[in-house]
Amino acid sequence: MSTNNKSWLNTYPDDVPEFVDIDQYANINEMFVKPFELYADNTAFVNMGHSLTYRDLNEKSDAFAAYLQNELKAKKGDRIALMMPNLLQYPITILGALKAGLVVVNVNPLYTPRELEHQLRDSGATIIVAVTNFGNSLQQVIAKTSIKHVILTSIGDELAPHKRTLVNFVVKYVKKMVPKYHLPGAISLRRALTDGKRMDFNPPIIESGDLAYLQYTGGTTGLAKGAMLTHRNIIANVLQVYGHFGPRTSKDKERAVTPLPLYHIFANSVSMMLMMYMGGSNLLITNPRDLNSFVNDLSKYPFTMIFGLNTLFAALNKNAKFRELDFSSAEFTIAGGMATQKHIADEWQKITGMPIIEGYGLTECSPVVAGGVHTQQCFVPAVGVPLPSTELRIVDESGEPLGVNQVGEIQIRGDQVMKGYWKQEAETNAVLTKDGWLYSGDIGRMDEDGIFYIEDRKKDMILVSGFNVFPTEIEEVATLHPKIVEAAAVGVPDDVAGERVKLIVVTSGPVTVDDIKKHCRQHLTGYKIPKVIEFRDELPKTNVGKILRRVLRDE
């Protein structure tokens, strides 16, 4: 176990710029031209013991872009959904799609058919790249969507031939992780890359204001909305995060670990895009819940930094094999997605020698807007200082700025702030002011040193292990049960996940907790399923009949 205990000044480092030049690149693809040339022979990604150099990544993504353009006749602005865990296929396909000028729709592969259908229908995606494990879910909804082309890949497809065959056999026939599906006309990603390599690729003209992602997030009202993130938004956040954290890194010598899913905007922009920009190496963890396999991968990879969140740190802290690893090369940890608890961070630093530096952000901001100012973050409720070229302020209910240590809503302005919500003009106008300030929904304050603090959440959103869970969706699903008359979902504290979902119900007849959980599993992703269920005769309401979730939370 390492005992290295590096320390930096407990202030904003002098080498962190106040501003970054967002306009030096016209689009995301331009941002990677120089790194891909300089670090062509460097390892870009590692997964399941197989590596991909920057040259490999560039060539394979070119091939995928050519296939999209020539064979599928994809045009700039078409939407393409990516539905897979952390595999080498992810950076290949996302870069290929962006090179072809397509708009990427990152999809959680664990979505239920109901959730998948909404995202595909709402985005209008015409192409989807999916892992075969989730072919059955896609089969159930595809007829109700705009999908015209299905590209399938198996877990081991980018591994060496002998290992590819073994991994795909074990996943399908031994672990039985690929339910039967019927998707006639589906294309193999391996075939698409082979064919694309023989095709000419003509890069379209992509401007900074063109859409790069439709990144789905939620709100206090029902189903998820697509945050429109432009090329400029993503470039801005990569350069802003680099400006803030870059001086502390070893640039192209960094060996990062990415256990957070790349379909999550934090992992996508910070873990993947930032490391590619620096020319570093990135170990992709496909299933971080399999701690034994995860730790085994870490033992073979002398990492310098790791991206993660509170739940992951808590689990690794308790793992005996992890505690025995050699952390002599480890430098620091970047946390996002949810607040890191101090006792977990203290234990993490004691074990690894790495301090945890937190970032704060929103999907609507691509996502990071503030970060820790020194090696040991000051923890909740502090979220640090604004990133370069980012403004934060506290406002009252009328939108007027407040002074030092006055509590109000946090507003954000910067080039990373989204263009708006896809096809949701009213929702966009509700959160974005005409002069570019975004209402965060978080209640906070700023101290005398310019450090921002989160005091409360204005929105009713529940944060489970870094994932947004929206009460209206849980309540809508719950009340589909024939014996549930009313339901209210709230977040309750959890030592590991930060929060867990509690569901309070009013029923019309006998029903058990197990019955309700079984019902919810049919319609909701695992992290959204209520962990605590309470029965009541009535729910607290306003005089107009609106359920008072805040009263339930306060109880």
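Rings of Phe, Tyr and Trp pair if their centres lie within 6.5 Å. This report applies that rule to a predicted model.

**Aromatic pairs**

By this rule the count comes to 11 aromatic pairs. Tyr263 and Phe467 form a tilted pair, because their planes stand at 35°. Tyr263 sits in the loop between β10 (255-258) and α10 (265-278), while Phe467 belongs to strand β23 (residues 467-469), so the pair ties together parts that are 204 residues apart in sequence.

Phe303 and Phe327 make an edge-to-face pair. Phe303 lies in the loop between α11 (291-299) and β12 (305-308), and Phe327 in the loop between α13 (320-323) and β13 (332-335), so this pair links parts 24 residues apart in sequence. Phe303 is buried, at 4% relative accessible area. Phe327 is buried too, at 0%. One aromatic cluster holds Phe303, Phe313, Phe322, Phe327 and Trp348.

| Pair | Centre to centre | Angle between planes |
|---|---|---|
| Tyr263 and Phe467 | 6.5 Å | 35° |
| Phe303 and Phe327 | 6.3 Å | 75° |

**Charges over rings**

Arg255 lies over the face of Tyr301, 4.3 Å from the ring centre. Arg445 lies over the face of Tyr453, at 4.1 Å from the ring centre.

**A three-stranded sheet**

Three strands build an open, mixed sheet in the order β24-β25-β26. Its edge strands are β24 (484-494) and β26 (532-535). The twist averages 25° from one strand to the next. β24 and β25 (residues 498-507) pair in the antiparallel sense over 10 bridges. In β25, Lys502 is the bridge partner of Val490. Helix α16 (residues 471-478) packs on the sheet and touches β24 and β25. Helix α17 (residues 513-521) also packs there, touching β24, β25 and β26.

How values were computed
Residues are numbered from 1 along each chain as its sequence is written. This is a predicted model: local features need pLDDT of at least 70, side-chain atom pairs count only at pLDDT 80 or more; totals for chains, interfaces and linings use all residues. Side-chain values use heavy atoms; hydrogens and water are left out. Two strands pair if DSSP finds at least two bridges between them. Helices (H or I, at least four residues) and strands (E, at least two) are DSSP runs, numbered from the N terminus. Axes are lines fitted to C-alpha atoms, for helices over the stretch in contact, and angles run from 0 to 180 degrees between N-to-C directions. Contact means heavy atoms within 4.5 Å. Rings of Phe, Tyr and Trp (its six-membered ring) pair if their centres lie within 6.5 Å; planes under 30 degrees apart count as stacked, over 60 as edge-to-face and the rest as tilted. Buried means under 20% relative accessible area, exposed over 50%, partly exposed in between (1.4 Å probe, protein chains only). A charge sits over a ring if NZ of Lys or CZ of Arg is within 6 Å of the ring centre and within 35 degrees of the ring normal.
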